[in-house]
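Trainee: Please take a close look at a single part of this model. Walk me through what surrounds it.

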Amino acid sequence: MIAILPGDGIGPEVTAEARRVLEALDLGLSFEEGLVGGIAYHTTGHPLPPETLHLAKRADAILFGSVGDPTCDNLERGLRPEQAILGLRKELTLFANLRPAKLFPGLEDASSLRPEIARTIDLLILRELNGDVYFGEKAMRTTPAGLREGYDVMSYDESEVSRIAHAGFQAAQRRRGKLCSIDKANVLETSQLWRDVVIETSAQYPDVTLTHMLVDNAAMQLVRDPGQFDVIVTGNLFGDILSDLASMCVGSIGLLPSAALDANGKGLYEPIHGSAPDIAGQGKANPAAAILSAAMMLRFSLNMPEPADRIEAAVATALANGARTADLGGTLSTRGMADAVLAALA
């Protein structure tokens, strides 16, 4: 059973199209939907209601839309829509976030980079999801001088780093055998531990070439020479930023899927774009990232690599044939883009 959590903004629009593609493959999948995010708060009083969490725990995999609702911006932090995705990651121990970035042929002009640089992009970012400043102690306080001060604790223990490092090395073994660990070890003790543990873990993977890069340099290198990267492994905060940067290198944030996996391969799959409330309900959102997230779900959680390959090939064919939503300079609606994928799938 697949749990579908459409969420807020454009989430319901893009997950509906991803579901339509999955149903077209006639794989015998079953689906159950649940409330999450702002819509869940307005309906039940909490962004992650107990019944939704129970559904997520029962499911074989989760297809997630997006969370984010401007009407909830002034709520206490624990009731804001974004707490739903953080809660799911924590409750389900979804620690490994896989974010592939690859330029589709024909989209060179959509990239923010020169075409000859853009076409070299084929990388995978592994972002740790259960630690760092997102889960550390945080609060507002008043200093002795009477000033307001906010603080967020960045921390990792060695088991958390080792766990994501193993996932990074194993991903590199399945690809081109290169792993770049991103940190800020020159100024952060958290990053120094990160680097030390990654180096220790590398002894178990002699077939993988390990390099290290400071996060500010990594941001520059992703723009200057993205083709140098195979697999990137990094912490929660740095991974959040770098994966969005990678999205513009391939042309649009509407093209990038992601997977958040536990140690056994169960996962939550979502496009990396947000809820985009400014275009919600207008049929303008690009569903490609949600459709590609569904393909990742088939591959990593349901052990269905062949239909996953078919979906990815259909998206590539649709784009090569000129299918474009507004984010790519085109005029297709959300449904029209999905129709183009379905036509290529057929």
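Mentor: Leu63 stands opposite Tyr269 in strand 12. That contact belongs to strand 3 and strand 12 (residues 267-269), which pair in the parallel sense over two bridges. Strands here are DSSP runs of E with at least two residues, helices are runs of H or I with at least four, and both are numbered from the N terminus. Two strands pair if DSSP finds at least two bridges between them.

The model is predicted: local features need pLDDT of at least 70, side-chain atom pairs count only at pLDDT 80 or more, and totals for chains, interfaces and linings use all residues. Residues are numbered from 1 along each chain as its sequence is written, and side-chain values use heavy atoms, leaving out hydrogens and water.

Strand 3 has another partner. Strand 1 (residues 2-7) pairs with strand 3 in the parallel sense, over five bridges. There, Leu5 stands opposite Phe64.

Is strand 3 buried or exposed? Six of the six residues of strand 3 (residues 61-66) are buried, so the strand is largely enclosed by the rest of the structure. Buried means under 20% relative accessible area, exposed over 50%, and partly exposed in between, with a 1.4 Å probe and protein chains only.

Now the charges over rings. The charged end of Arg141 sits over the ring of Tyr151, 3.9 Å from its centre. The charged end of Arg163 sits over the ring of Phe95, at 4.3 Å from the centre. The rule: NZ of Lys or CZ of Arg lies within 6 Å of the ring centre and within 35 degrees of the ring normal.
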